Amino acid sequence: MQRGPYPSATIAAIGIALTCAITVTSKAAEDNFFQSKVEPLLQEKCLTCHSHSGRQMEGGLTLDSRAGWATGGDRGPAIVPGDPVASLLIQAIRHEDPDLQMPPEEKLSDEEIAILVQWVQDGANDPRTITP
């Protein structure tokens, strides 16, 4: 049996390097999606009532940090990463429960809902590192 010109350790190292590169690229794409789509949506539609800077934390919920939505408010964690169906935030923005509808004045557009559903489905990457 003839072996190729590259030792198995070299091939393994190349595989590891490619995996790391894909992971870094994926993380960068997730950060970009959050910063370009999710964060502006949260700022425009949610943070007036659910942030430290707005000085309001309706229902005890803040959405201005990962820690805020992970801890959640009076009803528990707002987001279950990877599971939009179990995430209270998604239930609220879909207006599925008459007692839990956010924003209360006007339902988000289908496109805005899809952005948040995709974000949660993809693991709810939130690169914000500063806790308010």
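Q: Hi! Where is Ser-65 found in this one?
A: Ser-65 is in the loop between strand S2 (56–57) and helix H2 (66–71). Keep in mind that this is a predicted model.

Q: Okay, and is Ser-65 buried or exposed?
A: Ser-65 is buried, because its relative accessible area is 3% and buried means under 20%.

Q: What does the side chain of Ser-65 reach?
A: The side chain of Ser-65 reaches the backbone nitrogen of Gly-68, at 3.0 Å.

Q: How far apart are Ser-65 and His-52?
A: In sequence, Ser-65 and His-52 are 13 residues apart. In space, the distance from C-alpha to C-alpha is 9.5 Å.

Q: Let's move on to Asp-126. Which residues does Asp-126 touch?
A: Leaving out residues up to four places away in sequence, Asp-126 touches Phe-34, Ser-65, Arg-66, Trp-69 and Trp-119.

Q: Why does Asp-126 count as buried?
A: Asp-126 counts as buried because its relative accessible area is 6%, and the cut-off is under 20%.

Q: Which backbone nitrogen does the side chain of Asp-126 reach?
A: The side chain of Asp-126 reaches the backbone nitrogen of Arg-66, at 3.4 Å. Asp-126 also makes a polar contact, side chain to side chain, with Arg-128 at 2.6 Å.

Q: What else can you say about Arg-128 and Asp-126?
A: Arg-128 and Asp-126 form a salt bridge, with their closest N and O atoms 2.6 Å apart. Both partners, Arg-128 and Asp-126, are buried.

Q: How many salt bridges does the count come to?
A: The count comes to 4 salt bridges. One of the pairs is Glu-112 with Lys-45, at 3.8 Å from N to O. That pair links distant parts of the chain, with Glu-112 in helix H4 (residues 110–121) and Lys-45 in helix H1 (residues 8–45), 67 residues apart.

Q: Is Glu-112 buried or exposed? And what about Lys-45?
A: Glu-112 is buried because its relative accessible area is 17%, under the 20% cut-off. Lys-45 has a relative accessible area of 33%, so Lys-45 is partly exposed.

Q: Which residues are linked in a network of salt bridges?
A: Glu-44, Lys-45 and Glu-112 are linked in such a network.

Q: And which residue forms a salt bridge with Glu-96?
A: Arg-94 does, and the closest N and O atoms of that pair are 3.8 Å apart. Glu-96 counts as exposed because its relative accessibility is 52%, and exposed means over 50%. Arg-94 is partly exposed, at 28%.

Q: New topic: pockets! What volume does the largest pocket have?
A: The largest pocket has a volume of about 590 Å³.

Q: How many residues line the largest pocket, and which lie nearest its centre?
A: The lining has 30 residues, and His-50, Leu-61, Ala-92, Leu-100 and Met-102 lie nearest the centre.

Q: What classes do those lining residues fall into?
A: In the lining of the largest pocket, 14 residues are nonpolar, 6 are polar and 10 are charged.

Q: Last one: where does the largest share of the lining come from?
A: The largest share comes from H3, with 4 residues. H1 and helix H3 (88–94) each supply at least two residues of that lining.

How values were computed:
Residues numbered from 1 in each chain as written. Predicted model: local features only at pLDDT ≥ 70, side-chain atom pairs only at ≥ 80, totals over all residues. Heavy atoms only, no water. Salt bridge = Lys/Arg side-chain N within 4 Å of Asp/Glu carboxyl O. Buried < 20%, exposed > 50% of the residue type's maximum accessible area, 1.4 Å probe, protein only. Polar contact = N/O pair within 3.5 Å; in protein donor to acceptor, adjacent residues only side chain to side chain. 1 Å grid on protein atoms, 1.4 Å probe; cavity = no way out; pocket = protein on both sides within 12 Å on 5 of 7 lines; lining within 4 Å. Points joined across faces, edges and corners; volume = space filled by probe spheres on them. Nonpolar A, V, L, I, M, F, W, Y, C, P; charged D, E, K, R; others polar. Contact = heavy atoms within 4.5 Å.
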